[in-house]
Amino acid sequence: MVVASIRFEHVTKTFGDVIAVNDSNFEISEGEFFTLLGPSGCGKSTTLRLIAGLEIPDEGHIFIGKNDVTRLLPGQRNIAMVFQNYALYPHMTLFQNIAYPLSVRKVQKNEIDERVSYVAKNLQIESLLKRYPMEISGGQQQRVALARAIIQTPNAFLLDEPLSNLDAKLRLEARSFLKHLHLELGTTIVYVTHDQAEAMALSSRIAVMKDGMIMQIASPREVYERPSDIFVAGFIGNPPMNLIKISIDNHETYIGTQRLNLRNVIDSLSVKPLGNAFLGIRPEHVKIALTGDVKAEVYVVEPLGAEFVITLKIGDQFLKVLTFEELQLSPGEIVWIEFIRDRIQIFDSEGKRIKKKNEEEWK
Amino acid sequence: MKHIRRKLTFLEISRYIVLIPIIAFFLAPIFWIIVTPFSIRPSLAITLGKPTLSNFYRVFQNKIALLAFRNSLLISGGTVILVTVVALFSSYVLSRKKFKGRDLLLYVLILFSSVVTGVAAMVPLFMLNLKMGLIDSQLGVILTMSGGLLPTSIFILKDFIDSISITYEEAALVDGSTPLQVMFRIFLPLSSRGVIVIAMLTFVNSWSNFLIPFILLRSNTQYPISVAIYSFFTEVGVPDIGMISAYSLLYTLPVIIVYLIVEKKFGFSFYGGLKA
Amino acid sequence: MQNSVHLVGKKAGFFFLLPAIVLISVFLIFPAIWVLYIGMTNETLTGIHAANPEFVGLKNFLRIFNDKFFYNALRISLLFVFGSAIIGQAGLGMTLSLITYRKSAKFKSFVQSVAILAWIIPEVVVAYLWVAYLDKDFGTLNSLLNWLGFGKVNWFYDYPVLSIILFNTWRGTAFSMLLFSAALETIPPSYLEAADVMSTSTWRKFKDIILPNIKSYIFTDLILITLWTFNVFSPYLLTHGGPSFKTELLPIYIYRNAFRYFKIGYGSAISTVVLLINLALALIYLRLSRRSSK
């Protein structure tokens, strides 16, 4: 099985008045688990369908491996796809479903039998082969859809929100299963989801999309700790990064009327911001202490079992704190909060993250 | 729901008082057709007696009756095949491809097919068949019937196809099928229910149709069963009531069978289609 | 147009539609327009005008409006539609649907099957059944009446219009019954249960709860069966338009002129009038159904 890279060069796709994919450029390396992440309507599904060949770009080129596949039919691209609703052919048995890609390529019957049993065994669905799609559970359907994809030994797998039709518990199991599968098979996977936790857990790299454009492509760690702008910052993480409006004049920083000493942080930036900006800090990097940087009012406390999410109010802004300690706090109380300095990210007035001086590129 | 159990209220009694004459009204004419074909002395009255099959033998000895049966099969068969195939191709495109004016087109089609009916439509249709040399031909009847039955069939089938997710076809494409393979191995099996429904509707309509063959056909060797029966009971002389009633019963059976099949498999949600 | 991958490309799609377009254009749309043209000629199938039909403009139409047979046919058709469709089929259909409303499935199924049987039997057979049923000497109806003490009635001669009204009512009731049954199903049972709790009379229940909720269905039904009944030809099989043109409905009037006297031009003119009436009815129906689905 030859594993391939995938490349988009200036790909644009419009539907009527809507630009679904806007001048998209990226490259997916061989064997990568590449996730397209974003809210509905951001263009991630369209991008996947463009790779599959179910949509033809209006402009640009798509390469799989060395081949320009832009004008090729889906069946000629050597990719396999798992749809959100699995698309198992209802009038065929599961065996016939899995065998289908082979039978349309006129593979010999005994080879088909062998390969189907092999894949079915590996996905633990061997006992179900004589049944029909209607008769099995959602989780089993998903594995049959995977089997049908795996049996094609494609250059890449395309998965369109394969976990969203499963209930919460099953989703976690299936997620681990998928990750394990990727490690075993080593095939390039292009994955579409709107669930940032899934993207974080599974991916080699994540492409965060909004309104047809890619906002950032980076590893989960980078997207988490160094989001490129406030959209990405507000999308990744649960709860997402706090984005506090601040104003900076000369060296003093203000949150509302409170002054905050961020001199070292600002000095370490490659560009010095002036005027309005955003302070980005993850909830787990905000500490409630006896003294701190600013004062805030407790708004609500949400106990989640292992952790607590405390929503605080500063002026008319809200921020969330994630802590594992049980603090006896009541709504209305005024507390001091402290920001862990080296976790602060500053975003300019347009929402773009300002890089630090001498920032290293992470892989 | 029997939550309030009233003993024989006035409402209940009046329900039956009204119902029984109505049921009798409906059943009485039908009773005749059940009894007479088997009656040894068939007449316009209901004559009960020892049942016999002699009337049916005479049906099979009647040359016109047999010819008419062949003609009905030809006409209905031809119409069903023509309508089903043409409707399938059109409905697929109309369902899968959205183009400007598609809904308007469907609207216009349904409008025309409900307006252009009956004898008023037959006058120009007769002239059309005349000019095309199709008078007294089965082909003329088939084409004329198909024109009238297509819009409804297309409408119904398009509805069916709309309900088949296009994802199956996409998945089949990505799985490596050629478009032809997608058509025959995936799409046709999935749409078979709809196809069967319109085939049955078309069959019932064409089998029962009297007016079109009556106007377009001249020779009694070309008549389908509907016109043959009419000629039997209006011809000069003493009609062979036993034979005609037996023939009518046989003629009615396929329609009843189709109705039972549709009822069992689909529930009776197409009453509009059957009448139109 | 989207550049999506479909099974059937643009060109192929056009060819897929072509057979239907051809068939429908030739055998449905063209005749509907052509009839207007023929109606303006004096074409016949025999005699001089068969070979040389002349364009006569609106002469035929003027003749229609001076033809007492036209008014006779129109009158009888209206009477027929009123009696057989509006009162007969709709009334009986409503009655049956109310009788079977919220009753056991078996009961409903039995009652409906009886009416449906009358509806699906091919029209020639139905005609023959009624020829037998209404026969003066041997017919079942007269036998029944006789048994009940009434004298024999010569239905086709003495009450021709009533005969065809009864016939067509018998034939078509099932459709209205099914439509109204479906309409009744759309009423939330809680409405009627609330009325039961308040001990509302049956008549009030019908008037205040049932009727308002199925109003649109009633209109739809009335329009549809009017359109169908107006064009129905099967009474011809019973009475041939007689005796003495007493049951000559518009379709039969057209038949006589176009196919007995072979006056194709004149027949086409009458057909045009009928088709226009149909068009009006169909447009009302489509407008109504659009409104109710919005």
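1. Beyond its neighbours within four places in sequence, C:I254 is in contact with B:V119, B:A120, B:V123, C:G267, C:I270, C:S271 and C:V274; here two residues are in contact if their C-beta atoms, placed from the backbone, lie within 7 Å. Please keep in mind that this is a predicted model, in which local features need pLDDT of at least 70, side-chain atom pairs count only at pLDDT 80 or more, and totals for chains, interfaces and linings use all residues. Residues are numbered from 1 along each chain as its sequence is written, while chains are lettered from A and ligands numbered from 1 in the order in which they are written.

2. C:I254 and B:I229 are the residues with the most contacts inside the largest nonpolar core, which has 149 residues. A nonpolar core is a set of buried Ala, Val, Leu, Ile, Met, Phe, Trp, Tyr and Cys residues joined through C-beta atoms within 7 Å. Buried stands for 20 or more other C-beta atoms within 10 Å of a residue's own, exposed for 12 or fewer, and partly exposed for anything in between, with C-beta atoms placed from the backbone. Helix α3 (residues 63–96) of chain B gives this core its largest share, 13 residues. Another core, of 100 residues, lies apart from it and includes A:V11, A:A20, A:F83 and B:V182.

3. Next, the contact between chains B and C: 75 residues of chain B are in contact with 71 residues of chain C. On the chain B side, the largest share, 14 residues, comes from helix α1 (residues 10–35) of chain B. Helices (H or I, at least four residues) and strands (E, at least two) are DSSP runs, numbered from the N terminus. The side of chain B that touches chain C divides into 56 nonpolar, 14 polar and 5 charged residues. For these classes, Ala, Val, Leu, Ile, Met, Phe, Trp, Tyr, Cys and Pro count as nonpolar, Asp, Glu, Lys and Arg as charged, and the others, Gly among them, as polar.

4. Helix α1(B) deserves a look of its own. The end C-alpha atoms of α1(B) are 36 Å apart, which agrees with the 38 Å that its 26 residues should span at 1.5 Å a residue; the expected span is 1.5 Å times one less than the number of residues. A kink of about 35° lies at B:L27, shortly before the proline B:P29, the bend being the angle between axes fitted to the seven residues ending at a residue and the seven starting there. The buried residues of α1(B) are B:F26, B:P29, B:W32 and B:I33. They pack against α11 of chain B together with α5 (105–120), α6 (123–133), α7 (140–147) and α9 (160–185) of chain C.

5. Helix α11 (residues 241–266) of chain B has 26 residues and reaches 37 Å from its first C-alpha to its last, close to the expected 38 Å. α11(B) bends by about 25° at B:L253, and the proline B:P254 follows within four residues. Among the buried residues of α11(B) are B:I241, B:M243, B:Y247, B:Y251 and B:V262.

6. Turning to chain A, the count is 9 helices and 20 strands, and the C-alpha trace spans about 75 × 45 × 35 Å along its principal axes. Of its 363 residues, 40% count as buried. The domain assignment, which is automatic or from a database, gives domain 1 (6–231) and domain 2 (240–347). The C-alpha centres of domain 1 and domain 2 of chain A lie 39 Å apart, and 4 residues of domain 1 are in contact with 5 residues of domain 2.

7. Chain A also meets chain B: 17 residues of chain A are in contact with 14 residues of chain B. On the chain A side, β6 (79–82) and α2 (94–103) each supply at least two residues. By class, that side has 12 nonpolar, 3 polar and 2 charged residues.

8. Finally, some backbone details to check. The peptide bond from A:N238 to A:P239 is cis, with omega near 5°, and A:P239 lies in the loop between α8 (230–235) and β11 (242–249) of chain A. A:N78, a residue other than glycine, has a positive phi near 55° and is placed in the loop between β5 (67–68) and β6 of chain A. C:H240, likewise not a glycine, has a positive phi of about 55°; its place is in the loop between α13 (235–239) and α14 (250–260) of chain C.
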